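Thanks for making time this morning.

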Amino acid sequence: MTEINVAGCQHDDDCQEAGVTDMSFLDYLISVDARTALMGRMMQKLGVDRQLKTVPDHEAVTSRAVDRCRSCGHQDECAIWLDENEQPNDPPDYCRNRDLIARLQHAAGLR
């Protein structure tokens with residue numbers, strides 16, 4: 001099975017210090033899909049999923065948001081947070097899309 005280094009570390013020591021491990025390509029694809037789903041759930045739960053589709057160049061904005069979510073190391077915590085919070089006002093502090101969500105909430109009149 002092909003192993004990939006998803007963090008792009010140049011040396012194994014750099015990756016180990018960053019807490020990055022090698023994974024199979026299939027594992028990588030599954031983790032990417034799961035993180036993308038978490039972002040969708042977060043945007044929907046905070047009421048900004050529709051607002052995201054109305055911003056100028058929404059495809060690029062969405063792509064960057066997905067990239068931020070994919071590079072987050074809190075996916076387990078995020079999934080639990082999403083399950084436990086029925087109607088939150090704000091995302092968790094560690095959310096890498098926190099600023100984007102706040103801007104979308106403001107634009108939608110939710111703030």
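Among contacts in the protein between residues at least 6 apart in sequence, what percentage join residues at least 24 apart? Taking contact to mean heavy atoms within 4.5 Å, the figure is 59%.

Before going on, some conventions. This is a predicted model, in which local features need a pLDDT of at least 70 and side-chain atom pairs count only at pLDDT 80 or more, whereas totals for chains, interfaces and linings use all residues. Residues are numbered from 1 along each chain as its sequence is written, and side-chain values use heavy atoms, with hydrogens and water left out.

Let me begin with confidence. The pLDDT, which is the predictor's confidence in each residue on a scale from 0 to 100, averages 80 over the protein, and 70% of the residues score at least 70. Among the elements, strand β1 (residues 3–4) has the lowest mean pLDDT, 39, while helix α6 has the highest, 95. Over residues 1–12 the pLDDT is below 50, and this stretch has 19 contacts in the model beyond near neighbours in sequence; residues 14–20 are also below 50, with 6 such contacts. Where pLDDT is low, the predicted coordinates should not be read in detail.

As for the overall layout, the protein has 6 helices and 2 strands, where helices (H or I, at least four residues) and strands (E, at least two) are DSSP runs numbered from the N terminus. Read along the sequence, they follow the pattern β-α-β-α-α-α-α-α. Of the 111 residues, 29% count as buried, and here buried means under 20% relative accessible area, exposed over 50%, and partly exposed in between, with a 1.4 Å probe and protein chains only.

Now to α6, which spans residues 98–107 and in which Leu100, Ile101, Leu104 and Gln105 are buried. These four lie on the same side of α6, because they cover an arc of only 135 degrees around the axis, the arc being that of the directions from the helix axis to the C-beta atoms. The face turned away from that buried side carries the exposed residues Asp99, Arg103, His106 and Ala107. After α6 comes Gly109, whose phi is positive, near 80 degrees.

Turning to side-chain pairs, a salt bridge is a side-chain nitrogen of Lys or Arg within 4 Å of a carboxyl oxygen of Asp or Glu, and the count by this rule is 3. Asp83 and Arg41 meet at 2.7 Å, N to O, and this pair links distant parts of the chain, with Asp83 in helix α5 (residues 75–84) and Arg41 in helix α2 (residues 25–45), 42 residues apart. Asp83 counts as exposed at 53% relative accessibility, while Arg41, at 33%, counts as partly exposed. Another bridge joins Asp67 and Arg70 at 4.0 Å, N to O; being 3 residues apart in helix α4 (residues 58–70), the two are separated by about one helical turn. Arg98 and Asp93 also meet in a salt bridge, at 3.6 Å, N to O.

Finally, the cysteines. With a disulfide defined as a pair of cysteine sulfur atoms within 2.5 Å, the structure holds 0 disulfides. For Cys78 the nearest cysteine sulfur, that of Cys69, is 6.0 Å away, and Cys78 counts as buried at 10% relative accessibility. For Cys95 the nearest cysteine sulfur is that of Cys78, 6.5 Å away, and Cys95 counts as buried at 15%.
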